[in-house]
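Here is a briefing on a protein model.

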Amino acid sequence: MTRAEVQLAGMGEIVMARGAGVIGCIGLGSCVGTLLFDPRTHAAALAHVMLPEAHEQDAKLLPGKYATTAVPTLLRMLDLSPATASRLRAILIGGGELFQNRSQALRIGERNVETLHRLLCALRIDVVFEHTRGKTGSSFEFEVATGRIKVRAVGAAAIERDLAAALGIQRRAA
Amino acid sequence: MMTALSDLRTDALREIGNIGLGGAVTALSDLTGVLFTLEAPQIHRTDTATLPELCETPESVVVGTVSRVNGEWPGEGAFLFPWESACVLWQMLIQMQPSELSDIDELYRSVINEVSNIMLGNYLQAISQMTGFTLQMEPPAFAADMAQAVLSSVMVEAMYGQRELLAIETAFKTAEHHFKGYFLYLPETGNLEKLFSVLGI
């Protein structure tokens, strides 16, 4: 996977790919890359979530910015309603706390992850892979065709996983 | 989408950045014996969180701190040093530097925390003198990680509970060493009127 082919979701943005392509996020700190995958249509939609709850009005401009607006927007983009959402599979990356020993920490990363879990749980969407609540920043790339994910952090070996089975991707006959 | 700031008010925020960091940089010069110069402060109003120059290489390592400021002009003060610049600073102050991220121990952390403490203390003092505001800072918290991850964590936290973010960014550098540091003050935007009324604009 070379960088040029990757469709990146910047802060508060949403990107989507169907059948092929690579999507990802760069430099996630307390933000959470929230990816929903539909095994039936082989479509993936990814939001770069910054904060747990929407501030009034603001969310209409950048629905991917808040967990509470990002999840319903991702469903709409995948042409699903809450009633049919349970066939989706979710991947969560980020939500870390980079600054240690903060005296008045707002714990934004942790609260982003908690809120996303609550929203996904209510829709009965399984989280099949999660790399969250760490102490470092991360970047990741997800290959839509194969379900392979690569998570990078500074000063650590990259984590690579084949999520095809967990995502319900049918292997094509060789 | 954003409430516009008049030119006069934008200039006033730049001037505050200048005066505040002028004091801070003098303190750093006293500490290191090296002369630092300021770049013109930049005012960013954003509903996401990017700092163009630092985000050119979003995955490069930066070393930085963030401190909560309480009082009449509350907000967050953050110092960010690209890895090479942090190494220059360590060399100046303790005549050694880590060769990689995992070498950063308590000593290295405390040097950066102390520099941040002294500089932010002087920054706030300069603003206090100008406005009469009482300002207190909490001890800095330290991070060394991908630039985009560190910066976005600072900015997202400052953005919490606000519709938009205001950042007063001032870069400082040296002529003879390859060094550049960034200071950000991220005030709670609800308190801006108070500042402007004290300044009479």
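The area buried between chain B and chain A is about 2,900 Å². Carbon and sulfur atoms give 60% of that area. The model is predicted, and every value below is computed from it.

**The contact between chain B and chain A**

- The contact takes 36 residues from chain A and 34 residues from chain B.
- On the chain B side, Glu157(B), Tyr160(B) and Arg163(B) lose the most area to chain A. Together these three give 22% of what that side buries.

- Glu59(B) forms a salt bridge with Arg152(A). The closest N and O atoms are 2.8 Å apart.

**Elements on the chain B side**

- Three elements of chain B give two or more residues to the side that touches chain A: strand 3 (61-71), strand 6 (141-146) and helix 4 (147-159).
- Which of these gives the largest share? Helix 4 of chain B does, with nine residues.

**The open sheet of chain A**

- Five strands of chain A form an open sheet in the order 1-3-8-9-10. The pairing is mixed.
- Strand 1 and strand 10 (159-162) of chain A stand at the edges. Each has a single partner strand, so one side of each is left without a neighbour in the sheet.
- Neighbouring strands of this sheet are turned by 20° against each other on average, direction ignored.
- As a general point, strands of a sheet pair through backbone hydrogen bonds, either parallel or antiparallel.

- Is strand 3 (residues 22-28) of chain A largely enclosed or left open? Seven of its seven residues are buried, so strand 3 is largely enclosed by the rest of the structure. Buried here means under 20% relative accessible area.
- Strand 1 (residues 6-8) of chain A runs parallel to strand 3 of chain A, and three bridges join them.
- Within this pairing, Val6(A) has Val22(A) as its bridge partner. Leu8(A) stands opposite Gly24(A).
- Strand 8 (residues 138-143) of chain A runs antiparallel to strand 3 of chain A, and five bridges join them.
- In that pairing, Ile23(A) of chain A stands opposite Phe142(A) in strand 8.

How values were computed: Residues numbered from 1 in each chain as written. Chains lettered and ligands numbered in written order. Predicted model: local features only at pLDDT ≥ 70, side-chain atom pairs only at ≥ 80, totals over all residues. Heavy atoms only, no water. Buried < 20%, exposed > 50% of the residue type's maximum accessible area, 1.4 Å probe, protein only. Helix = DSSP H or I, 4+ residues; strand = E, 2+ residues; numbered from the N terminus. Pairing = 2+ DSSP bridges. Axes fitted to C-alpha atoms, helices over the stretch in contact; angles between N-to-C directions. Contact = heavy atoms within 4.5 Å. Buried area = accessible area lost by both parts, 1.4 Å probe. Salt bridge = Lys/Arg side-chain N within 4 Å of Asp/Glu carboxyl O.
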